[in-house]
Amino acid sequence: MWSRIIRRRACMTLRNPSTAAARNQVQRRTLIAAPKPGDGPLMERRPDRELPSITGFRWSRTLPIFFALIAGASVAIFNYQKLSSPVVASTLYALRTNARARAYLGDEIYFRHSIPWIGGEMNQLRGRINIRFAVKGTRGTAVMRFTSFRPTPRGLFETTEWSLETPDGKKIDLLDGHDPFKAQPAFPMDEEEREDAVRGFRQQLK
């Protein structure tokens, strides 16, 4: 049986040699060259268009730029967090109302730079504040330093330094024995006020 099948295929191959050659021949298609820079827009889509050559991409050039952008953005975010804190706002307001600061800086006391840089540490959770930033007025410029700490987790902040440092190195102490940032303890409530407070809290829960 197998011999008959082989004989038939051999006869067919001998009768039609062009068909066998066509089967063995590899089909080739001519491709159109890929567009080059400056050729203009492609007006039609063709399946036989050649793909453009891919140039090698070097990570060694782009990774340092990427990390530099990430570091710069992180520093800007942390600086904005310090700038928008109530500590900076309160110290700047106290600086405007202080007689010694106004005598040296003058009026219109504000940040020296349009994008202020708040240097130092501001960790209210651990009770450590040590910041500095440049200020200016109508008479001069200086660097304000503010240092405060909390001795106990439930204690109040105590200011240890609040001063102005002039460009020539002179230091102006703004505390002068009085701490304008010290929180005053609340007055104790009597029995009626305590009962009213507890009653109002229970009504809110209902």
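**Figure 1. The largest nonpolar core has 23 residues.** Leu95, Ile131, Phe133, Trp162 and Leu164 have the most contacts inside this core. At least two core residues come from each of helix 4, helix 5 (99-105), strand 3 (128-136), strand 4 and strand 5. Helix 4 gives the largest share, five residues. The general background is simple: in soluble globular proteins, nonpolar side chains tend to be buried together. The model shown here and in the other views is predicted.

**Figure 2. Helix 4 covers residues 86-97.** Its twelve residues should span 16 Å at 1.5 Å a residue. The end C-alpha atoms of helix 4 are 17 Å apart, which agrees. Val87, Val88, Thr91, Leu92, Ala94 and Leu95 are the buried residues of helix 4. They cover an arc of only 160 degrees around the axis, so they lie on the same side of helix 4. Why can residues three or four places apart point the same way? An α-helix has 3.6 residues a turn, so such residues do point the same way. Pro86, Tyr93 and Thr97 are exposed, and they sit on the face of helix 4 turned away from its buried side.

**Figure 3. Thr91 is a buried residue in helix 4.** Its relative accessible area is 1%; the cut-off for buried is under 20%, so Thr91 counts as buried. Which residues does Thr91 contact, leaving aside its neighbours within four places in sequence? They are Phe133, Met144, Phe146, Trp162 and Phe181.

**Figure 4. Strand 5 pairs with strand 4 and with strand 6.** Strand 4 (residues 141-149) and strand 5 (residues 158-165) are antiparallel, with seven bridges. Here Phe146 has Trp162 of strand 5 as its bridge partner. Strand 5 and strand 6 (residues 171-173) also run antiparallel, joined by three bridges. Ser163 stands opposite Asp173 in strand 6. Strand 5 and strand 6 form a hairpin, with five residues between them. In the turn, Gly169 has a positive phi of about 95 degrees.

**Figure 5. The pLDDT stays under 50 over residues 184-189.** The model has one contact beyond four places in sequence for this stretch. For the protein, the mean pLDDT is 77, and 70% of its residues reach 70 or more.

Terms used. Residues are numbered from 1 along each chain as its sequence is written. This is a predicted model: local features need pLDDT of at least 70, side-chain atom pairs count only at pLDDT 80 or more; totals for chains, interfaces and linings use all residues. Side-chain values use heavy atoms; hydrogens and water are left out. Helices (H or I, at least four residues) and strands (E, at least two) are DSSP runs, numbered from the N terminus. The expected span of a helix is 1.5 Å times one less than its number of residues. Buried means under 20% relative accessible area, exposed over 50%, partly exposed in between (1.4 Å probe, protein chains only). The arc is that of the directions from the helix axis to the C-beta atoms. Contact means heavy atoms within 4.5 Å. Two strands pair if DSSP finds at least two bridges between them. pLDDT is the predictor's confidence in each residue, from 0 to 100. A nonpolar core is a set of buried Ala, Val, Leu, Ile, Met, Phe, Trp, Tyr and Cys residues joined through side-chain atoms within 4.5 Å.
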